[in-house]
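This report looks at the spaces inside and on a protein model, and then at the strands and the core around them. Please keep the sequence and the 3D view open while reading.

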Amino acid sequence: MATALVAVAFVVSSCKGNLSEADVLDLSVIPLQTVENMFYVQSENGQLKMRVEAPLMEVYNHGDTVSYELFPRGLSVYAYSDDGSLETTITSQKARHDKLGAGGEKWSAFGHVIIRNVAKHETMETDTLYWDQQAHEIWTDCYIKMYSPSGIMQGYGMRSDEMARNSILLSPFDNSFLIEKDTTVVIIDSVNFIGPMLKK
């Protein structure tokens, strides 16, 4: 009988100890839901418009006003044109999706963000990118490089439509351009040319 009382007392004290530890947990930093290998498709009138993929998605919900999703292992977005062809891709090392009041949404991408417009053969690289779905715009205030068939541009700040069709570099600097056709004539003097030395 004494052994049974000791066992009950041990269980009660153990449970009490665990409850006190649970009381000090900060539930605001714990995700409500985690999804591995997340895959999301958005279509309009049966036409594929966007595809989103992520190795891990964490959902946080702390009341009616605070709700967001984190993508700690990266995010890939694929946007399609009206004819169904892939037009724009965005990849990043981390991302966050905030659900704002009145149905608004805001996406933020961080860490080696690459934006490609496949149709125009243009690529942009930056550290941080924001996407406003309601305004259909993407932008950054960080350092950015822009590669296109006509050359390379770099600077700070960029604004564009969400498909990266019309990107504007706000503060460009030190730009270089590729030469498509070089008219410089190079003459090789074959008489005075010294070739490779032979081994003795």
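This is a predicted model: local features need pLDDT of at least 70, side-chain atom pairs count only at pLDDT 80 or more; totals for chains, interfaces and linings use all residues.

The second largest pocket is lined by M38, Y40, Q42, M50, V52, M57, E69, F71, H97, E105, W107 and Q133. The space in the second largest pocket comes to about 160 Å³. At least two residues of its lining are supplied by each of β1, β2, β3 (67-71) and β7. Sorted by kind, the lining of the second largest pocket has 7 nonpolar, 3 polar and 2 charged residues.

**Pockets and cavity**

The largest pocket holds about 420 Å³ of space. Its lining is made of 18 residues, and K49, W131, H136, E162 and M163 are those nearest its centre. The elements giving two or more residues to this lining are β1, β2, β4 and β5.

The structure also has 1 cavity of 30 Å³ or more. The residues lining the largest cavity are L75, V77, I90, T91, S92, A95, W107, S108, A109, L129, Y130 and W131. Two or more of the lining residues come from each of β4 (75-80), β5 (86-92), β7 (105-117) and β8 (122-132). W107 lines the largest cavity and is also in the lining of the second largest pocket.

| Space | Volume | Lining residues by kind |
|---|---|---|
| Largest pocket | about 420 Å³ | 7 nonpolar, 6 polar, 5 charged |
| Second largest pocket | about 160 Å³ | 7 nonpolar, 3 polar, 2 charged |
| Largest cavity | about 120 Å³ | 9 nonpolar, 3 polar, no charged |

**Strand pairing around β7**

S108 stands opposite Y130 in β8, and both S108 and Y130 are in the lining of the largest cavity.

β7 and β8 form a hairpin with 4 residues between them, and H121 in the turn has a positive phi of about 55°.

H112 is placed in strand β7. H112 is not a glycine, and its phi is positive, near 45°. With a relative accessible area of 44%, H112 is partly exposed.

N37 lies in strand β1 (residues 33-44). N37 is not a glycine either, and its phi is positive at about 50°. Is N37 buried or exposed? N37 has a relative accessible area of 63%, so it counts as exposed, the cut-off being over 50%.

In soluble globular proteins, nonpolar side chains tend to be buried together. Here the largest nonpolar core has 24 residues, and M38, F71, L75, I115, M124, L129 and I138 have the most contacts inside it. β2 (47-61), β4, β7, β8 and β9 (137-148) each give two or more residues to this core. The largest share, 5 residues, comes from β2.

What does M124 touch, leaving out residues up to four places away in sequence? The list is V113, I114, I115, I144, K145, M146, M158, A164 and S167. I115 is in this list and is one of the core residues with the most contacts. M38 and F71 belong to that core group and also line the second largest pocket.

Methods. Residues are numbered from 1 along each chain as its sequence is written. Side-chain values use heavy atoms; hydrogens and water are left out. On a 1 Å grid over the protein atoms alone, a cavity is a set of points where a 1.4 Å probe fits but cannot get out, and a pocket is an open set with protein on both sides within 12 Å along at least five of seven lines; lining residues have an atom within 4 Å of a point. Grid points are joined across faces, edges and corners, and a volume is the space filled by probe spheres set on the points. Ala, Val, Leu, Ile, Met, Phe, Trp, Tyr, Cys and Pro count as nonpolar, Asp, Glu, Lys and Arg as charged, and the others, Gly among them, as polar. Buried means under 20% relative accessible area, exposed over 50%, partly exposed in between (1.4 Å probe, protein chains only). A nonpolar core is a set of buried Ala, Val, Leu, Ile, Met, Phe, Trp, Tyr and Cys residues joined through side-chain atoms within 4.5 Å. Contact means heavy atoms within 4.5 Å. Two strands pair if DSSP finds at least two bridges between them.
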